[in-house]
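Dear colleague,

Please find below the structure I promised to hand over. My notes on it follow directly after, and I would be grateful if you read the two side by side.

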Amino acid sequence: MINITIDNKPVQIPEGTTILQAAEKLGIKIPTLCCLKDILPITSCMLCIVKVEGKRNMLPSCATKAEEGMVVINDDPSVAAARRTALELLLSDHAGDCMGPCQVACPAGMDIPQMIRYMSEGDSSGAVKVIKEHIALPAVTGYICPAPCEKACRRGHVDESIAVRLIKRCAAELDLAESLPYKPDVSPAQDKKVAVVGAGPAGLSAAYYLAQEGVSCTVFDKNEKPGGMLRYGVPEDDLPRSVLDAEIEQIKKLGVEFKQGVCIGTDIPLEELKSGFDAVFIGTGKASPDDSLKFSINSGTMETDIPGAFAGGDVRKGLKLTVRSLADGKKAAVSILQFLNGEKVTGSISPFNTRMGKLEPEEFKQFPAAVKKEERNKPSDFSDGIDKNQAVYESAFCLHCDCRKADLCRLRIYAQEYGAKPTRYKGSHRAFRYIDEHPEIVYEPGKCINCGICVHLTEQKKEKLGLTFIGRGFDVRVDVPLNRSIAEGLSKTVDEIVNACPTGALAFKGK
Amino acid sequence: MKNPDLTKIDEIIAQAGTTPDKILPILQAMQKEYGYLPQPALEMVCRKTEITPAAITGFSSFYDQFRFEPAGEHTIRVCLGTACHVKGAKTVFDAFKRHLGIPEKQDTDSKRQFTVEPVACLGCCTLAPVVQIDDVIYGHVTADSVGNTIKEYLAWYDAKKKNEGKAAKQLKASDITSGEVRVGLGSCCQARGSGYLKDAVEKVIHETGIPAVIKHVGCVGMCYQTPLMEILLSNGKHYLYAGVKPEDARDILLKHFKPKGFAGKILPMISKGLDTILTGGEPLSIPRHAIDKREKHVADFLGRQKNIATEHCGSISPVDIDEYIEYGGFKGLEKAVNNLTEDEIISEIETSGLKGRGGAGFPTFFKWKALRSQPEKERFIVLNGDEGDPGAFMDRMLMESYSFRVIEGIAIAARAIGAGRGYLYIRAEYPLAIERMTEAIKMCRARGFLGENICGSSMSLDLKIVAGAGAFVCGEETALLASIMGQRGMPRLRPPYPAQEGLWGKPTLINNVETYSLVPWIIRNGGAAFAEMGTEKSKGTKVFALAGKIARGGLIEVPMGVTLRQVVEEIGGGIANGLRFKAIQIGGPSGGCVPAHLSDIPVDYESLTGAGAIMGSGGLVVLDETDCMVDIARYFLEFTQNQSCGKCTFCRVGTRRMLEILDRLCNGQGKKSDIDQLEELAFQIKQGSLCALGGTAPNPVLSTLEHFREEYEAHVNGKCPAGKCKALIEYKVTDACIGCTICAQHCPVGAIKVMPYKKHEIDIEKCIRCGSCKGVCPEDAVVVE
């Protein structure tokens, strides 16, 4: 047995154990992309490097065998900086987006491509579930949202953007028409009470997401009916009130209590309100009736300078879109929850994303959906509103330019963890390629990090052709040998290599 | 394109074998047969051998030697080594492509007559810029001589084709009468036409019946004087001629030897008369070429040198084993085999203080000892002859000129560590070295210095040659071993060291060419004698390849501890053309630039590392005031990032990002923050790389940043102080122009209009900044701004 320390913690391991394995035994997590049990260390990603006392350079922990008395340093700013650099270098040669440009453009951060994938299979309730993770009033925004997502949509460079707003409205209205519309799960009741001031989009959104966490919510609103500007500002021609009522009804179903005709500030002073609740959310819109409600807002967390009070929506200057107010409400809900649990209030962390930016016309041809053009009904020809058949049909034209493994990609997970900046190093990079000729999988070489796992696995499992490294240096690519296709190259190892691929380079078809 | 003849594949496989490790010889044989690797042939190999498709594609695409498209009838390789680079190799490369009308991103002309490709280094640095057309090397090629070079080659090629089969009668040593003619046949000499010279000498001897024999000698090291020819008369007198042209051969020979018989007398007279008439002037004056070893520059060049690895330099034949034995060859091996135990050999090496000459300077005895202690008894010995540093050609010369000594060193080491089999891995760009080593192995086997019962003992040693396939990274020992085993040359983490787990998992000793070359001397004379030379920590001698902007370039062997300034100024004769000595690049892509003001440091491992350079394998490229240090750094990064195996993130992506920053700086698009990012990346790549290629790749940048930071800053401000970076300079004609039109005639792109007796002008839009005009102007009226 050998004794070493990692971050000053002693551990005893048998001879031949690597530093990475020793760390595992201690419960210390060392990041790695290219290491896989049962194959020899490949040492390509270099993410697992650690400092070893007495060594000039950092060493890859996956391949370095522990030696008696070794002093290993893993939790250290210089190690973190080196890992961040490795991640940033990999990202600088990465052609592929984590999130589609539509999702990035959506103020609420809705996973639009996923919604569309459900819709394209005719599963509108699946689609609604995806929408309502971020948007409390999908049908409402389906009527009035100016849809920044559609302006960002890549399909727009091919012919016309996908009709995201109408697809969403269709899904949401189909859901509302159900006898039992979608109701999210509600966590067991917590002994926490939150007052929401204002029943406009921000307040409704905050209440909707807080209620799901088992927080008791009371909405105070000066008007006769809830809805705020949506009811008292937006013309009825633009937004049918029945739709608004139906969606507010879904919020009430979560146990949210509404107190209409109460003006906080004049009827009940804020201080008094606060004393009866654990936290307050202020979503009173632009025109606050009382000057006493003046505060500054941290736009990251929605905290105000009044202890225990959060705010969002139109009370922030320059916020005009309903969907932005909805986003604020959800963001505030996250912060309020952290506050209620006595945690540090950080707000929701914006998910890591890399962007490949503008594509060349040639690169668009990589997308199978982009080739289909003739048979498409142009969204610009849609009269307002589409039925389910139209929505399903239109959904088939989405390029799905988001990453198929966005939630599983370890490159993304570590990039988020180490705060990697994908644009730190600029320069030449892989071309975007989307190879879908194989019946089960999609191969996107632009997302490959040359870790070598698939090359080793196909060799080990004696795949007839398999995959190999081609070329040398910066231009090394992984592909099937002898100029054969992916369909010819891969058969029995498909499941294994897709699951082992640390990024979205190899992914299964479908959702 | 006609279909390749696949029946040849069977022959190739029958010759090489069918196991996976035979991939390298099989592919090399295919490349030789077809000129490229045809897809159907590759598929056939996979069907008929144990080599998998993944292996064949992965392997063949890794090495530069292999092509997947047919090449032209002739291949022009333009050397882009360091010395060639500083003398404008890129311009020459562009000029060849322009001359042949080859479009960008293609390498072959439309008639498929010529393929033009870059080569990392041909190891003929003193003749920079160097170009190789098929097997013929041309030195000092310039942008405006490319047309003539091609013409000359084609003329030679046609003549050779015509004369095939009419080999001249070779005189044997037994015919010897009154003397010998020595012609240097190192690659440098050959590049300067010593091959032609040898042919000419043979022809003269044949025609005149002069009773002399031709003797091939190895490299004398005085590459700046090539081709060298030495006449030795039976009375003991000898005469050395430098820079000899083939047409001079007859005059020189007839000056020293009497032709045999009447015809012999008459023939040369007639043809000599004809020559004189045809050239319309005086015959070439011979004394111009004669040099005396007592002459000052020769004395300076040779004076400080101490020949150990290059013992008997200039007088010993590279291909005559008897002569090697006469000069004390194989005495060391005999002693090691018959009089010393394994431990005694290793102890002599320890006493000598010998450190590995490949670059890292690891104590040699330590490696040998580590092997001795391995429980596994099957052991391998390997020669690392993959000298890839651009600007270095020591090992090439040692293998070409002292092949027996290299083998003797290997055999002694094999005896010490108990190895019975070994491989000599020699880079493909050194065909002459491969040829000489192959011959030498045969001769040694015939004489009982290799094979069974070496020197009458029970020791046996079987050596095989493996020709590399064009990958710098294979100089890294773990990559080299992978390459021998038929894998992509990707380094792996050490430990385990090759001494523990090398070829096929067996303990393997791997040393550099020069290291082995020093061993016979050490064993013969004792380790203590070797340790008497050099400095406290760096013992013995070191062979350097001296090139660049120096008056006398060549190969030198000096005791450790001489100063860089002594090397540059005394041995090298200072900077050519009276320019200012700026810096000396040491250690190639892993090394750094030592500025002139620090050149009083002694040459030893410790001092060089202290100055931000490394000893490396021994390439010294001298730079003058017209060399831009940012461009030099860019040059090396371009090299290393191209040669990275591509496995690890820091090296694969990081060196490319560094290169892109340097490109921006040289193109005048750099920002202040680029320098900071460059430095930060250099640091991260250094500490995060797995092997020495990545770990040392940032050194050229770090050392130039340390000593010449102001040049980087000048580039950010759009200025190249040395006047080198093309995007930042303009050529202008001054009032000193006399209107001679020479510049206009030499401009390869027509940017100067012919205006007799008027001041010429350069069209900046058309100008490609090749510098041809500046080079030819007799009035120095072309300036760089």
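Leaving aside its neighbours within four places in sequence, which residues is A207(A) in contact with? Please bear in mind throughout that this is a predicted model. The residues in contact with A207(A) are V196(A), C217(A), V219(A), I251(A) and V256(A), once those neighbours within four places in sequence are set aside.

A207(A) also belongs to the largest nonpolar core, which holds 362 residues. Together with F281(A), V78(B) and A413(B), A207(A) touches the most other members of that core. Helix 18 of chain B, residues 403-417, supplies the largest share of this core, namely 10 residues. There is also a second, separate core of 21 residues, and V201(B), I205(B), L228(B) and V244(B) are among them.

Buried in helix 9 of chain B are S194(B), L197(B), K198(B), A200(B), V201(B), V204(B), I205(B) and T208(B). Because these residues cover an arc of only 165 degrees around the axis, they lie on the same side of helix 9 of chain B. Two of them, V201(B) and I205(B), are included in the second core. Just after this helix comes G209(B), with a positive phi of about 70 degrees.

Helix 15 of chain B is followed by G353(B), and the phi of G353(B) is positive, near 75 degrees.

As for chain A overall, there are 20 helices and 14 strands. The C-alpha trace of chain A spans about 75 × 60 × 40 Å along its principal axes. Of the 511 residues in chain A, 50% are buried. Among the contacts in chain A with a separation of 6 or more, 70% are between residues 24 or more positions apart.

With kind regards

Conventions: Residues numbered from 1 in each chain as written. Chains lettered and ligands numbered in written order. Predicted model: local features only at pLDDT ≥ 70, side-chain atom pairs only at ≥ 80, totals over all residues. Core = buried A, V, L, I, M, F, W, Y, C linked by C-beta atoms within 7 Å. Buried ≥ 20, exposed ≤ 12 C-beta atoms within 10 Å, placed from the backbone. Helix = DSSP H or I, 4+ residues; strand = E, 2+ residues; numbered from the N terminus. Contact = placed C-beta atoms within 7 Å. Arc of directions from axis to C-beta.
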